[in-house]
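Please follow this walk through a protein model with the sequence and the coordinates side by side.

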Amino acid sequence: SSAARHAAVFAPVRRHRGFVSDVVGDSMLALWPSVNQSDVPKRTAACLAALEIIEAVDEFNRTAPMPLPTRIGVHTGEMLLGNVGALDHYEYRAVGDVVNTASRLQGLNKILGTRVLVSRDTLEGVEGLLVRDLGDFMLAGKSNALRVCELVNIAVGGREPALERCELFSRAHQRFVAREFAEAERQFNALTEKFPDDGPAQFFAARCREHQLNAPPATWNGVVSVNIK
């Protein structure tokens with residue numbers, strides 16, 4: 001039921017002292033407001049809640065007649081909380097670029113084959129989580145590139161294989177940024193041979209093939225542009 005699905009994703013947010021600000025269809029916006037943007041405990045709580053939501057959804061999907069696909073984007077920055085609307089219709093909601101960027105990160109999961117993407121800014125000072133750095137992305141409608149990381153759930157598959165994935169990806173991505181696209185593609189393909197479900201490696205292998213056919217301009221610095229919203 002819809003109530004059961006909502007319970008699966010709401011509970012981790014509340015457990016980590018966030019609150020659900022908005023629900024539209026199958027989408028949810030959760031917030032961890034603070035007057036201090038460098039509030040590490042709040043940013044840590046948001047990341048932990050994201051991982052627990054994925055676990056809760058997986059548990060829900062084991063018995064659900066209709067599995068619930070879930071993708072999460074986490075970002076930090078300044079936002080406004082207030083009434084939005086006119087006349088007799090007002091909604092209390094969060095507004096600002098930070099909300100839009102979190103939504104773009106959520107959408108980026110779809111093309112990278114990931115489930116939880118977090119901006120590097122969010123992870124500043126956060127400890128105890130396994131993070132895979134996926135590089136710089138220019139998201140739709142943005143003028144500045146964003147450093148994007150994947151939150152890795154070591155409960156699925158184990159810590160050692162996850163660490164190996166991160167290390168192999170890092171080596172291949174270094175070759176990608178260095179414009180060594182043939183070698184980068186070879187390394188990304190080797191990664192996917194060992195871990196066939198690795199979406200980021202598949203994505204970057206395809207980018208390597210594109211760049212070998214059409215070399216990026218001399219000013220290119222490794223930033224990946226995506227148009228998904």
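Helices (H or I, at least four residues) and strands (E, at least two) are taken here as DSSP runs, numbered from the N terminus. This is a predicted model, in which local features need pLDDT of at least 70 and side-chain atom pairs count only at pLDDT 80 or more, while totals for chains, interfaces and linings use all residues. Residues are numbered from 1 along each chain as its sequence is written, and side-chain values use heavy atoms, with hydrogens and water left out.

Strands of a sheet pair through backbone hydrogen bonds, either parallel or antiparallel. In this model an open sheet of 5 strands has the order β3-β6-β8-β7-β9, and its pairing is mixed; two strands are said to pair if DSSP finds at least two bridges between them. At the edges lie β3 (72–74) and β9 (224–225), each of which pairs on one side only. Strand β3 runs parallel to β6 (residues 116–119), to which 3 bridges join it, and the bridge partner of I72 in β6 is V116.

Across β7 (130–138), β8 (146–152) and β9 lies helix α6 (residues 199–213), which runs at about 35° to β7. The axes behind this angle are lines fitted to C-alpha atoms, for helices over the stretch in contact (heavy atoms within 4.5 Å), and angles run from 0 to 180 degrees between N-to-C directions.

Helix α6 and strand β8 also belong to the elements that give two or more residues to the lining of the second largest pocket, together with α2 (40–61) and α4 (159–177). On a 1 Å grid over the protein atoms alone, a pocket is an open set of points where a 1.4 Å probe fits, with protein on both sides within 12 Å along at least five of seven lines, and lining residues have an atom within 4 Å of a point. The lining numbers 23 residues, of which E150, V152, N153, V156 and R165 lie nearest the pocket centre, and its largest share, 4 residues, comes from α4.

Two loop residues deserve a separate look. R17, in the loop between α1 (2–15) and β1 (19–24), has a positive phi of about 60° although it is not a glycine, and R17 is exposed (over 50% relative accessible area), at 75%. R179, in the loop between α4 and α5 (181–194), is likewise not a glycine and has a positive phi near 70°; with 32% relative accessibility, R179 counts as partly exposed, a class that runs between the under 20% of buried residues and the over 50% of exposed ones.

Note on methods
Buried < 20%, exposed > 50% of the residue type's maximum accessible area, 1.4 Å probe, protein only.
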